[in-house]
Each structure stands twice: as structure tokens, then as C-alpha cells.
Amino acid sequence: MRGGAAWSADEAGIRIAVRVTPRSSREAFGGSDAGHFAARLTAPPVEGAANAALIQLVARSFGVPKRAVTLIAGDTARLKRLRVEGDVAALEQTAASLYATKA
């Protein structure tokens, strides 16, 4: 994956690794020094609230509809893998830009 292990391209989009911090004072999405994106969410980690908030934040950050973002691993873990569907080149360019920004 590029950006360390932060993202990789697949046939219909990119896969990203994200470390989630729930119950944060603000929402933010950006890079991390550890090879994954960092997501700060105001939602608590109960009954899927943080996962739903993460999908919405990732969709907004990448400029895609929520239906284009799928949680593929880490349902109850802080480290999650998501798939973002869309134009691969555009998504990789966005990922590189977001990764350069600290969350």
C-alpha cells in the first residue's frame, strides 16, 4: 500500500487502513505516522454509531457518496479497513493529499 500501509488500489477503487478515535471533541480525517489514516469521531463506539460516522466522514473526505464506502474489516476494532469505490486515479490523488494532512 502507498503511504506506508495506508492505501492500495484495486479494480474499482482503493482500500484504506484507518485508526479510529471515537468520542473525540471534533471530527477530523487525515494522515498518520504509522501507515494508516487517522479518523477522529465524535460518535461513541456503541451499536455501530462510530462505524456509521466513519463511513460518512470517509465519503465526505473522498468526495464520494456514502454507498461507495464499505467497511471490510475491523467492525469492532480501532484499526479498520475500508473500500472506497470510484475513479482509482482520482481516489489515489485524494488519498495522497489527505495523508499529507494530519488529523
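This is a predicted model: local features need pLDDT of at least 70, side-chain atom pairs count only at pLDDT 80 or more; totals for chains, interfaces and linings use all residues.
Where is the place of H36 in this structure?

1. H36 has its place in the loop between β3 and β4, and β4 covers residues 37–40.

2. Is H36 buried or exposed? Its relative accessibility is 12%, so H36 counts as buried, because buried means under 20%.

3. Now look at what surrounds H36. Not counting residues up to four places away in sequence, H36 touches A6, A17, V18, R19, G31, L79 and Y99.

4. Next, move to S24, which lies in the loop between β2 (13–21) and β3 (28–30). S24 has 16% relative accessibility, so this residue counts as buried too. Leaving aside its neighbours within four places in sequence, S24 is in contact with R40, L41 and T42.

5. Which strand holds E85? E85 is in strand β6, which runs over residues 79–85.

6. R15 is 70 residues apart from E85 along the chain, yet the C-alpha atoms of the two are separated by 8.7 Å. Leaving aside neighbours within four places in sequence, the contacts of E85 are A12, G13, V64, A68 and L91. The side chain of E85 also makes a polar contact of 3.0 Å with the side chain of R83.

7. Finally, have a look at the empty space. Rolling a probe the size of a water molecule over the atoms shows where such space is left. The largest pocket here has a volume of about 180 Å³. Its lining is made up of 15 residues, and P45, A50, D75, T76 and K80 are the ones that lie nearest the centre.

8. Which element gives the largest share of that lining? Helix α1 (residues 49–62) does, with three residues. Sorted by class, the lining of the largest pocket has eight nonpolar, three polar and four charged residues.

Methods. Residues are numbered from 1 along each chain as its sequence is written. Side-chain values use heavy atoms; hydrogens and water are left out. Helices (H or I, at least four residues) and strands (E, at least two) are DSSP runs, numbered from the N terminus. Contact means heavy atoms within 4.5 Å. A polar contact is a pair of N or O atoms within 3.5 Å; within protein, one must be able to donate a hydrogen and the other to accept it, and residues adjacent in sequence count only if both atoms are side-chain atoms. On a 1 Å grid over the protein atoms alone, a cavity is a set of points where a 1.4 Å probe fits but cannot get out, and a pocket is an open set with protein on both sides within 12 Å along at least five of seven lines; lining residues have an atom within 4 Å of a point. Grid points are joined across faces, edges and corners, and a volume is the space filled by probe spheres set on the points. Ala, Val, Leu, Ile, Met, Phe, Trp, Tyr, Cys and Pro count as nonpolar, Asp, Glu, Lys and Arg as charged, and the others, Gly among them, as polar. Buried means under 20% relative accessible area, exposed over 50%, partly exposed in between (1.4 Å probe, protein chains only).
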